[in-house]
Amino acid sequence: MFSPNFGTWVLMFLLVSSTFVHSSMSEIDAKKRYMREKVRKMFYHAYDNYMAHAFPHDELKPLSKTFTDSLSELGNLNLEHLSEHYNGSALTLIESLSSLVILGNNTEFERAVRWLSENLSFDVDVRTNLLRYLIQQLHANQICNIRVLGGLVSAHILATDSRNRLVQGTYKNELLILAEDLGYGVMENETTETSTSGCGSLILEMGALSRLTGDPRYESAALRALRKLWSMRSSLNLLGTTLDVATGEWIEYSSGIGAGVDSFYEYLIKAHILFGKEELWRMFQSAYLAVQKYFRHGPWYHEADMRTGKATYWQLTSLQAFWPGVQVLIGDIAAANSSHREFVYVWEKFGVLPERYLLDHQMLHPTEKYYPLRPELAESTFYLYQATKDPWYIEVGKSMVDSLNLYAKVEGGFASIKDVTTMQLEDHQHSFFLAETCKYLYLLFDDSFLVDRNYVFTTEGHPLPVISAWHDRLPENYIPTNGTSIKSEKQAARRSSAMSLQVCPATTLNSGRSSQQVESACHIPDAQSDHRCLTEDECGVDATTCRRRSCSMAGYCGLWLFI
């Protein structure tokens with residue numbers, strides 16, 4: 001029997017535990033508020049210096065407190081074609097618009113919108129023709145699309161949102177008109193060589209432009225480019241890195257999840273979320289499984305030949321750090337966390353994330369030691385914290401903020417780091433530092449902007465709303481074709497992963513469908529918890545490699561074909 005004092009002890013324990021938990025939560029909330037203000041100061045230090053020393057030119061040179069115009073980068077154009085009166089495209093201002101709203105500065109947002117409405121024009125003969133060039137040559141300039149067009153479209157949506165308290169009647173769709181002008185501009189002498197990401201990262205911005213204007217040609221052209229690109233995949237469902245859009249031939253067969261390919265994968269899943277297109281989901285599912293099969297090695301992702309799946313380069317690149325964020329979107333949290341921690345390890349080792357790190361030699365790439373203030377790790381940290389609420393990610397964000405202030409902050413803004421071994425600086429503050437890096441760090445510590453709202457962030461960090469009116473409308477009798485054709489209950493269970501059912505893996509844990517845990521989006525547990533089998537149908541799919549398990553002669557499921 002319990003002693004008479006047992007209830008008292010239990011009550012005291014519960015009170016102490018509750019006080020401890022409340023105290024811990026209060027400490028976390030206090031830390032988040034402190035870090036939020038620290039990021040706010042970072043943003044305005046970069047923004048105010050841009051406005052003082054570079055505006056209306058494209059980007060700030062913080063060491064010399066001057067400017068650089070990025071038009072040649074945006075359109076691969078010859079600068080001699082520019083008018084002598086050209087003063088830039090206010091790129092950093094365009095990129096900062098949604099960040100201003102997220103930080104709650106509606107006054108500055110309105111002032112910026114008014115300036116752009118009255119002063120910015122794409123009525124010059126050197127601007128990029130996104131629409132016509134897409135239709136004619138299956139290519140458009142990715143940087144111009146994601147930075148300028150995406151920034152204008154997103155800001156237009158925010159400007160027409162009554163919650164941003166723009167003065168009634170002052171905004172008359174000027175940003176949307178600019179976005180249309182950009183789409184209809186004319187550009188000549190564009191190179192025919194492009195990357196997979198350049199060709200496959202158009203659907204969010206172009207699709208949104210079609211939805212807003214009622215002109216379907218933007219989205220149709222982007223879809224045409226995407227479908228053509230997907231048709232060029234190998235039998236392994238892998239794509240190369242660069243191709244010639246004129247000949248339709250691959251130039252570089254080695255591929256991975258980093259530079260040249262990254263946002264292709266990102267836009268497949270995000271466009272599916274934004275527009276509800278099953279076609280894009282099927283593309284993403286096949287592409288994701290191929291990545292997990294042929295690129296993943298433990299927590300790392302190497303590069304491989306698209307034709308054979310054999311490893312080519314064992315290296316970590318800073319652009320790969322976006323991948324855990326994509327995995328969060330499909331509920332593959334364990335895999336996302338595993339890779340994310342390796343990126344954090346490299347960040348802590350050098351103080352920032354170098355552009356390229358050789359995994360096979362555990363050393364920096366000899367010529368790519370720089371860190372241009374990239375946002376991808378901050379982005380994935382934000383997504384993982386949203387999914388898990390694990391305070392460890394808050395500590396990661398704090399470490400990143402402290403490093404940026406320690407190594408990159410100068411009197412004139414935030415400078416890129418030229419060499420992570422010496423922390424030598426480069427005179428360039430990229431616009432994406434304000435569009436993404438500061439934005440994701442701020443959202444990590446304060447997500448109030450997302451309360452009662454549902455957004456997809458483009459690869460440049462510009463928010464687009466997820467609304468039912470933008471979704472493809474399907475017939476009432478529509479049944480998703482996800483590869484779960486049912487011949488028997490056993491076969492259906494064998495062939496249905498969380499990904500094929502389009503549900504979060506965590507959802508399947510409570511479904512009662514299997515007594516074994518579902519460990520990843522592609523994982524299908526073996527039929528028996530002891531992994532015994534009589535036929536192949538009783539074996540599932542490996543959680544880590546996404547490869548089909550087979551039944552051995554001894555009667556056990558495993559990856560026997562790959563040993």
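In strand β11, Arg356 is the bridge partner of Thr317. The model is predicted, so local features need pLDDT of at least 70 and side-chain atom pairs count only at pLDDT 80 or more, while totals for chains, interfaces and linings use all residues. Residues are numbered from 1 along each chain as its sequence is written, and side-chain values use heavy atoms, with hydrogens and water left out.

Helices (H or I, at least four residues) and strands (E, at least two) are DSSP runs, numbered from the N terminus. The sheet to which these strands belong is open, has three strands in the order β10-β11-β12, and is antiparallel in its pairing. Because β10 (315–317) and β12 (363–364) stand at the edges, each with a single partner strand, one side of each is left without a neighbour in the sheet.

Most residues other than glycine have a negative phi, and most peptide bonds are trans. The peptide bond from Phe55 to Pro56, however, is cis, with omega near 10°, and Pro56 lies in the loop between α1 (6–53) and β1 (59–61). Lys389, in the loop between α15 (376–388) and α16 (392–408), has a positive phi, near 55°, and Cys546, in the loop between α19 (505–509) and β19 (550–551), also has a positive phi, of about 60°. Are these two residues buried or exposed? Lys389 is partly exposed, at 42% relative accessibility, whereas Cys546 is buried, with a relative accessible area of 4%; buried means under 20% relative accessible area, exposed over 50%, and partly exposed in between (1.4 Å probe, protein chains only).

A search of the whole structure finds two cavities of 30 Å³ or more, a cavity being a set of points, on a 1 Å grid over the protein atoms alone, where a 1.4 Å probe fits but cannot get out. The second largest cavity has a volume of about 40 Å³, the volume being the space filled by probe spheres set on the points, which are joined across faces, edges and corners. Its lining residues, which have an atom within 4 Å of a point, include Ile257, Trp300, Leu316 and Phe343. Two or more lining residues come from each of β8 (300–301) and α14 (333–350), and α14 gives the largest share, three residues.

Conventions:
Two strands pair if DSSP finds at least two bridges between them. On a 1 Å grid over the protein atoms alone, a cavity is a set of points where a 1.4 Å probe fits but cannot get out, and a pocket is an open set with protein on both sides within 12 Å along at least five of seven lines; lining residues have an atom within 4 Å of a point.
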